[in-house]
Amino acid sequence: MNDTNGTTRTCGLIGNPVAHSISPVIHNHLAALSGINLVYVTFPVEKSALHDAVKGAYALDILGLNVTVPYKSDVIPELVDIDPLAKQIGAVNTLVRVDGGFKGYNTDMPGLYRAMCSDGVKVEGEKVLVLGAGGAARANAFLLAYHHASEIIIMNRTIQKAQIIADAVKQAFPETAVKAMALNEFDKLSGNDYICIQATSVGLHPNDEDVVIADLAFYKKLKVGYDVICNPVETKFMKLVKEAGGEAHNGLKMLLYQGILAYELWNQCNITEEDASFVFRKMKEAMGIHE
Ligand code: ATR
């Protein structure tokens, strides 16, 4: 870790709660590796203090902030500018200092895309299923359209909610084939080469045995499955993907790369894959994960 001195810059995380966050481990290792004089700390912020926190951070010359629950949408009115993808997604997790305030970005979903690149999984021209119709599913659907998936199917228990996302994606990316489907209609899917992103909190610890679709016949249609969940490191969804012969990934690399993308935005640098791998090991060590 770098020694701090009079020119050390500060980045941090605002949210509530923040004490459990792995982001300080990611960013302080990145700072040491890239030789940038920066520290990253957490700032628990009460809801009524969000406006003052963002204003105060600017006044204190904070270089950049991450934003976590419950403020990823609430922070948007506090910004002087917003990246178009973050605007479409409707959620911001990274604030970058610009003239007069902060500009908002969303690195969560690009983080998943970069994790997929690192795993050798391409999105362009591929058929992708998104399970769920909450915030993560919506963000994923936009990201997949942005990266030219050939077909996006949003599958949800309540089909109306999936249809709202499909309509919004279609409006933003009119050339994309996107549709909604109820979970129990999976037998209508043709082929066995889908990439599937599990974008709900179903299966999160302590409900390790829960899964959105339990039928192995569904998983036989998949070649790759991504779960946005990190805990447990192997979800029931991932077990079923593997049992059906596919490749399965958890949300840990997505977590790593959302941090790396934020760090690159703050410092206008590129983190190498070698440094990313080192930080990934440190992150897993700090989380007590031995994969
Ligand atoms: P967010 O990304 O907004 O945090 P979430 O709360 O993690 O979302 O997940 C919400 C999604 O999980 C919804 O799509 C929900 O389906 P409905 O829209 O039908 O409510 C889905 N979900 C939650 N529990 C589920 C279950 N037991 N089976 C299937 N889907 C479920």
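Let us begin with His-148, which has a relative accessible area of 53% and therefore counts as exposed, since the cut-off for that word is over 50%. Please keep in mind throughout that this is a predicted model. His-148 sits in the loop between helix 5, residues 135-146, and strand 8, and although it is not a glycine, its phi is positive, at about 60°. Gln-268 also has a positive phi without being a glycine, here about 50°, and you will find Gln-268 in the loop between helix 9 and helix 10, the latter covering 273-286. With a relative accessible area of 75%, Gln-268 is exposed. I point these out because most residues other than glycine have a negative phi, and most peptide bonds are trans.

The bond from His-205 to Pro-206 is cis, with omega near 10°, and Pro-206 belongs to the loop between strand 10 and helix 7, residues 216-219. Another cis bond joins Asn-231 and Pro-232, with omega about 5°, and Pro-232 is in the loop between strand 11 and helix 8.

Now to the sheet that several of these strands build. In what order do the six strands of the open sheet run? The order is 9-8-7-10-11-12, and the pairing is parallel. Strand 9, at 177-182, and strand 12, at 247-249, are the edges, and because each has a single partner strand, one side of each has no neighbour in the sheet. On average, and ignoring direction, neighbouring strands here are turned by 20° against each other. Helix 8, residues 236-243, lies across strands 7, 10, 11 and 12, and it runs at about 165° to strand 11.

Next, the ligand, which is surrounded by 13 residues, with Ala-133, Gly-135, Asn-156, Thr-158 and Lys-161 being the closest. Of the 650 Å² of accessible area that the ligand has on its own, the protein covers 65%.

Is Asn-250 buried or exposed? Asn-250 has 9% relative accessibility, so it counts as buried, the limit being under 20%. This residue is in the loop between strand 12 and helix 9, which spans 252-267. A polar atom of the Asn-250 side chain lies 2.9 Å from the backbone oxygen of Val-233, and one lies 3.1 Å from the backbone nitrogen of Leu-252. Beyond its neighbours within four places in sequence, the contacts of Asn-250 include Asp-227, Met-238 and Glu-291.

Finally, let me turn to Arg-97, found in strand 5, residues 94-98, which is partly exposed with a relative accessible area of 22%. Its side chain makes a polar contact of 3.4 Å with the side chain of Asp-61, and, not counting residues up to four places away in sequence, Arg-97 also touches others, among them Arg-9, Tyr-58 and Phe-102.

Note on methods. Residues numbered from 1 in each chain as written. Predicted model: local features only at pLDDT ≥ 70, side-chain atom pairs only at ≥ 80, totals over all residues. Heavy atoms only, no water. Pairing = 2+ DSSP bridges. Helix = DSSP H or I, 4+ residues; strand = E, 2+ residues; numbered from the N terminus. Axes fitted to C-alpha atoms, helices over the stretch in contact; angles between N-to-C directions. Contact = heavy atoms within 4.5 Å. Near = heavy atom within 4 Å. Areas by Shrake-Rupley, 256 points an atom, 1.4 Å probe, with all protein chains shown as cover. Buried < 20%, exposed > 50% of the residue type's maximum accessible area, 1.4 Å probe, protein only. Polar contact = N/O pair within 3.5 Å; in protein donor to acceptor, adjacent residues only side chain to side chain.
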